[in-house]
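Here is a short briefing for a reader new to this structure.

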Amino acid sequence: MPTQDPRPTIHIPGTTSHTIAPRTGRATREGALRYLKAGTGAPLVLLHTLRTQAEHFRFLMPMLSHQYTVYALDLPGMGYSEIVPGASYDEPALRAGVKRLLTELNLHDVTLVGESLGAVLALTTAADLPERVRRVVSVNAYDYRDGIARSSLLARLVISGIIAPGVGSLIAQQEPKPVLRRILQGGVGDKTAFREDYLDELLQSGRRPGFPTVARALYRNMPTLIAARSRYPDVKAPVHLVYGENDWSRPSDREANKKLLPTADFTEVPGADHFISLERPEAVANLLNAMA
């Protein structure tokens, strides 16, 4: 991993940090991937949301580590995973990073748990690697138009600016702390659930060279998350769909996924918004521990 990268400012008790070496080849280069590991038991992989990182699960991991060996991945280009110039950050490329974690660590009988962006990747990875995935828990899947832009007018204006031709690259380089705070607090009903030290951590990892390009590519590739829904019916493992009562998804979005996954279990978390792992981690932990 590049030596110029700063170290995380948040340490989750009981976790260790690890790196998967980059994969190189004639046609592509996939950068180093960083992940956190904790606990003992059957493997459980946590996949974070857009514009966050493995520390998104700082409260959830300790609640699971007595039942599972928990892995929390920094998705490609995010957190402290390597930023590769010219790399793609569409859904298939992000999914490739998740598949590398499972295959290079030789994980089997995996419970895949994703929130938001991570929920889509959990489902599509399960479709690709049925022999490795035991079950999928999809929390507030981010697979509909507008996404975070539904949270507030500010979010809509900023994201629209970032993806705009020309000036978008300049806007992506500007990430004032008050603006990022307001946008990300749009994912929780209780604003205190989005802690200031976590915001500082995200700002630090976001100052890595090349990250504005990654951020812009992620927002511009949101349509690939919608397209990825076509893979949901290919998932062979049992699926549990979880939504916060006040999530950005609409009832029609949730019903559409129920139709694609007719045998899936469904849970709505009362009073929860989009970032359930920050706001109501015990709700996710109780569900997962009951499955162990």
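Arg51 is buried, because its relative accessible area is 5%, and buried means under 20%. This is a predicted model.

**Positive phi angles**

- Most residues other than glycine have a negative phi.
- Arg51 is not a glycine, yet its phi is positive, at about 65 degrees.
- Arg51 sits in the loop that runs between strand S5 (42-47) and helix H1 (60-64).
- Asn140 is not a glycine either, and it has a positive phi of about 50 degrees.
- The loop between strand S8 (133-139) and H4 holds Asn140.
- Is Asn140 buried or exposed? Its relative accessibility is 0%, so Asn140 counts as buried.

- His48 is found in the loop between S5 and H1.
- With a relative accessibility of 0%, His48 counts as buried.
- The side chain of His48 makes a polar contact of 3.3 Å with the side chain of Thr52.
- A polar atom of the His48 side chain also lies 3.0 Å from the backbone nitrogen of Leu75.

**Aromatic pairs**

- How many aromatic pairs does a search of the whole structure find? The search finds 7 aromatic pairs.
- One of them joins Tyr243 and Phe266, with 5.8 Å from centre to centre. Their planes are 35 degrees apart, and the pair is tilted.
- Tyr243 belongs to strand S9 (residues 239-244) and Phe266 to strand S10 (residues 265-269), so this pair ties together parts that are 23 residues apart in sequence.
- Tyr243 is buried, with a relative accessible area of 1%. Phe266 counts as partly exposed, at 32% relative accessibility.
- Trp248 and Phe275 form an edge-to-face pair, because their planes stand at 70 degrees and the cut-off for that class is over 60. Their ring centres are 6.1 Å apart.
- Trp248 is in the loop between S9 and helix H10 (251-260), while Phe275 is in the loop between S10 and helix H11 (276-279). The pair therefore ties together parts that are 27 residues apart in sequence.
- Both Trp248 and Phe275 are buried.

**The largest pocket**

- Rolling a probe the size of a water molecule over the atoms shows where empty space is left.
- The largest pocket holds about 300 Å³ of space.
- Its lining has 16 residues. Closest to the pocket centre are Asp146, Ile159, Ile163, Tyr219 and Met222.
- Three helices each supply at least two lining residues: helix H4 (153-163), helix H8 (211-220) and helix H9 (222-227).
- Which element gives the largest share of the lining? H4 does, with 4 residues.
- Sorted by class, the lining has 10 nonpolar, 2 polar and 4 charged residues.

Conventions:
Residues numbered from 1 in each chain as written. Predicted model: local features only at pLDDT ≥ 70, side-chain atom pairs only at ≥ 80, totals over all residues. Heavy atoms only, no water. Phe/Tyr/Trp six-rings, centres within 6.5 Å; stacked < 30°, edge-to-face > 60°. Buried < 20%, exposed > 50% of the residue type's maximum accessible area, 1.4 Å probe, protein only. 1 Å grid on protein atoms, 1.4 Å probe; cavity = no way out; pocket = protein on both sides within 12 Å on 5 of 7 lines; lining within 4 Å. Points joined across faces, edges and corners; volume = space filled by probe spheres on them. Nonpolar A, V, L, I, M, F, W, Y, C, P; charged D, E, K, R; others polar. Polar contact = N/O pair within 3.5 Å; in protein donor to acceptor, adjacent residues only side chain to side chain.
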